[in-house]
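Welcome, and thanks for taking a look at this one. Below is a short briefing that goes from the overall fold to one of its sheets.

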Amino acid sequence: MVILDGKKLSNDIKNEITEVVSGMKDRGEKVPHLAAVLVGNDGASLTYVGSKVRACERIGFESTLIHLPETTTEEELLKQVRELNANDDIDGYIVQLPLPKQIDAQKVLMAVDPDKDVDGFHPTNFGKMSLEMETFVPATPAGIMEMLKRYKVDTQGKHVVVIGRSNIVGRPMSILLSKKGNPGNATVTLTHSRTQNLEEFTRSADIIVTALGVPEFLKASMIKDGAVIIDVGITRVVDEEATRGYVLKGDVDYDAVKEKASFITPVPGGVGPMTIAMLLSNTLLARKRRS
Ligand SMILES: Nc1nc(=O)c2c([nH]1)NC[C@@H]1CN(c3ccc(C(=O)N[C@@H](CCC(=O)O)C(=O)O)cc3)C=[N+]21
């Protein structure tokens, strides 16, 4: 069994980007500038946005964090988005999800300039991805593709079962893995909460991608020997003994499943760090396209 080490890979990718950025600096060029908009004080969102800002600093990007109160109205957020679109110094930005309930997330994502949409969530970019055109690919699916590529996991003609049909992970993942290419050329089944007999699918899968958010959902009895397991779930579970008062749990019953798997991603240290690395990579692409 091989552990797909997202922490290490993301460091490799960040080092590669650092090299490119230092070349830009040497030539007196503008370095990439990423902005993140965070609305409210959700604990996990604060952690993720903090990691993104720290990663920017480490690799020599400029970064701006725009932190708005929980009570922000949709109109106020749309105004912020329009300002970022118009600000020539910002190469790319993200609006951290989830948003408070008074705000229609779809409306906000539609207002982001597709050329600055480094999350790849705008319909234009999602469409381009689906049509196999060059674009910003959503960071989590892009990170998984990069992991499969760098570990040379064979996806050609394999049966992939994706669990979860979200717009940011499950659905784009199903599209990317069925595309021509390497990784790609897989036969994909996209399963979700209404799927009947889920276990019949998971037990026949060569590769399983779980993006559910239900801790330890995928049991060893649900997979076949030698399956590749990609765990996108990351849930904070209360644990009084832990220093932060919680532990992070993936969607996979890791200790038992790893005994049967050929490749597996840990949580933490798997898909999460790759997401950040690919966001940085998209921001570098945004800067290059604008110059
Ligand atoms: N507009 C937008 N774009 C996103 O890309 C986006 C988002 N909203 N909302 C939330 C999800 C989730 N996400 C993660 C990023 C990094 C880790 C990560 O680095 N996780 C670490 C652990 C972090 C911790 O300690 O909590 C790990 O798995 O090792 C996890 C999850 C990005 N998302």
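Two residues count as being in contact when their C-beta atoms, placed from the backbone, lie within 7 Å. With that in hand, 68% of the contacts between residues at least 6 apart in sequence join residues at least 24 apart. Please keep in mind that this is a predicted model.

**Overall build**
- The protein contains 10 helices and 11 strands.
- Its C-alpha trace spans about 50 × 40 × 35 Å along the principal axes.
- A compact globule of 291 residues would have a radius of gyration near 19 Å, and the protein has 19 Å, so the two agree.
- Of the 291 residues, 44% are buried, a residue being called buried if 20 or more other C-beta atoms lie within 10 Å of its own.

**The open sheet**
- In the order β3-β2-β4, 3 strands make up an open sheet, and their pairing is parallel.
- Why do β3 and β4 each have one side left without a neighbour in the sheet? Both β3 (62–68) and β4 (92–95) stand at the edges with a single partner strand each, so one side of each has no neighbour there.
- From one strand to the next, the twist averages 15°.

**The β2–β3 pairing**
- Strand β2, covering residues 33–39, runs parallel to β3 and is joined to β3 by 7 bridges.
- For a place to start looking, find histidine 33, which stands opposite glutamate 62 in β3.

Definitions and conventions. Residues are numbered from 1 along each chain as its sequence is written. This is a predicted model: local features need pLDDT of at least 70, side-chain atom pairs count only at pLDDT 80 or more; totals for chains, interfaces and linings use all residues. Two strands pair if DSSP finds at least two bridges between them. Helices (H or I, at least four residues) and strands (E, at least two) are DSSP runs, numbered from the N terminus. Axes are lines fitted to C-alpha atoms, for helices over the stretch in contact, and angles run from 0 to 180 degrees between N-to-C directions. The radius of gyration is taken over C-alpha atoms; the globule rule is 2.2 Å times the number of residues to the power 0.38. A residue is buried if 20 or more other C-beta atoms lie within 10 Å of its own, exposed if 12 or fewer, and partly exposed in between; C-beta atoms are placed from the backbone.
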